[in-house]
Amino acid sequence: LLNETGALAKVGGWEINLADMTVNWTEETGNIHELPPGVKPPVAEAIKFYAPEARPVIESAVNHCIATGEGYDLQLPFITAKGKNLWVRAIGKSERHNGKTVRVFGVFQDITKQKQIQDEIIKLNEELEQKVNERTVELQTVNNELEAFTYSVSHDLRAPLRAINGFAKMLDEDFSETLDTNGKRMISVIQSNAKNMGNLIDDLLAF
């Protein structure tokens with residue numbers, strides 16, 4: 001049942017006996033290496049299954065675990081006996097007696113699919129970020145155009161409005177004596193509507 005569970009989860013166990021530096025591992029660990037059943041290479045050969053750039057990392061982690069008893073949990077590129085490129089998770093712990101490490105053991109898991117999904121998520125996030133940046137630039141362009149429009153609205157509409165107001169005031173001041181009640185009312189209506197128009201322009205700019 002343990003072997004079947006390991007196969008389903010693509011996770012196996014392993015150990016290094018430091019007395020003779022022999023390696024022992026479960027069936028699934030051998031399957032991940034794509035080695036024939038029963039084949040368990042020595043430590044120096046087992047490390048060579050890691051990608052070249054990953055070998056110094058795993059060697060340093062194992063040696064540090066032996067020296068100090070501190071475990072490790074690494075995700076590293078890996079190349080099987082048949083040349084397949086994988087990503088594996090290697091977890092190591094130590095068994096110590098009288099302050100000395102006598103055995104290193106742990107878990108070995110094929111995480112290639114998880115890594116691919118993570119990479120796809122990172123790629124999607126990068127694409128999403130790029131799209132957000134593009135939309136931000138577009139929005140900024142629209143905002144700049146809107147600013148130019150509002151400036152034009154403010155300038156082009158306020159100028160004739162000031163003229164209307166000015167002439168209405170001149171009429172009221174210079175010809176008030178000759179205007180009848182209806183004429184004065186019309187001037188008042190012009191000034192009132194000019195004021196309302198000014199408020200509408202302010203509202204438009206605020207919007």
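Is Gln75 buried, partly exposed or exposed? In this predicted model, Gln75 has a relative accessible area of 38%. Because this value falls between the limits of 20% for buried and 50% for exposed, Gln75 is classed as partly exposed.

Gln75 belongs to strand S3. Apart from neighbours within four places in sequence, its contacts are Trp87, Val88, Arg89, Ile111, Lys115 and Gln118.

**Overall architecture**

The protein chain contains six helices and five strands. Read from the N terminus, their order is α-β-β-α-α-α-β-β-β-α-α.

The radius of gyration of the protein chain is 40 Å, whereas a compact globule of 207 residues would have a value near 17 Å. Along the principal axes, the C-alpha atoms occupy a box of roughly 125 × 40 × 35 Å. Of the 207 residues, 27% are buried. Among contacts between residues at least 6 apart in sequence, 48% link residues at least 24 apart.

In soluble globular proteins, nonpolar side chains tend to be buried together. The largest nonpolar core of this model comprises 25 residues, and Trp14, Tyr50, Ile58, Tyr72, Phe78 and Phe108 have the most contacts inside it. Two or more residues each are contributed by strands S1 (11–17), S2 (22–25), S3 (72–79), S4 (85–97) and S5 (100–110), and by helices H3 (43–47) and H4 (55–68).

When residues up to four places away in sequence are excluded, Phe78 touches Ile32, His33, Phe49, Tyr50, Ala51, Lys84, Asn85, Leu86, Val88 and Phe108. Val88 is also among the contacts of Gln75.

Most residues other than glycine have a negative phi. Met21, in the loop between S1 and S2, has a positive phi of about 55° although it is not a glycine. The relative accessible area of Met21 is 38%, so Met21 is partly exposed.

Glu34 likewise has a positive phi, of about 60°, and is not a glycine. Glu34 is located in the loop between helix H2 (27–33) and H3.

**Surface and charge**

The accessible surface of the protein chain amounts to about 14200 Å², with 57% belonging to carbon and sulfur atoms. There are 22 positive and 30 negative side chains, and the centres of these two sets are 6 Å apart.

Technical notes: Residues numbered from 1 in each chain as written. Predicted model: local features only at pLDDT ≥ 70, side-chain atom pairs only at ≥ 80, totals over all residues. Heavy atoms only, no water. Core = buried A, V, L, I, M, F, W, Y, C linked by side-chain atoms within 4.5 Å. Buried < 20%, exposed > 50% of the residue type's maximum accessible area, 1.4 Å probe, protein only. Helix = DSSP H or I, 4+ residues; strand = E, 2+ residues; numbered from the N terminus. Contact = heavy atoms within 4.5 Å. Rg over C-alpha atoms; globule rule 2.2 N^0.38 Å. Areas by Shrake-Rupley, 256 points an atom, 1.4 Å probe, with all protein chains shown as cover. Lys, Arg positive; Asp, Glu negative; His and termini not counted. Charge placed at Lys NZ, Arg CZ, Asp CG, Glu CD.
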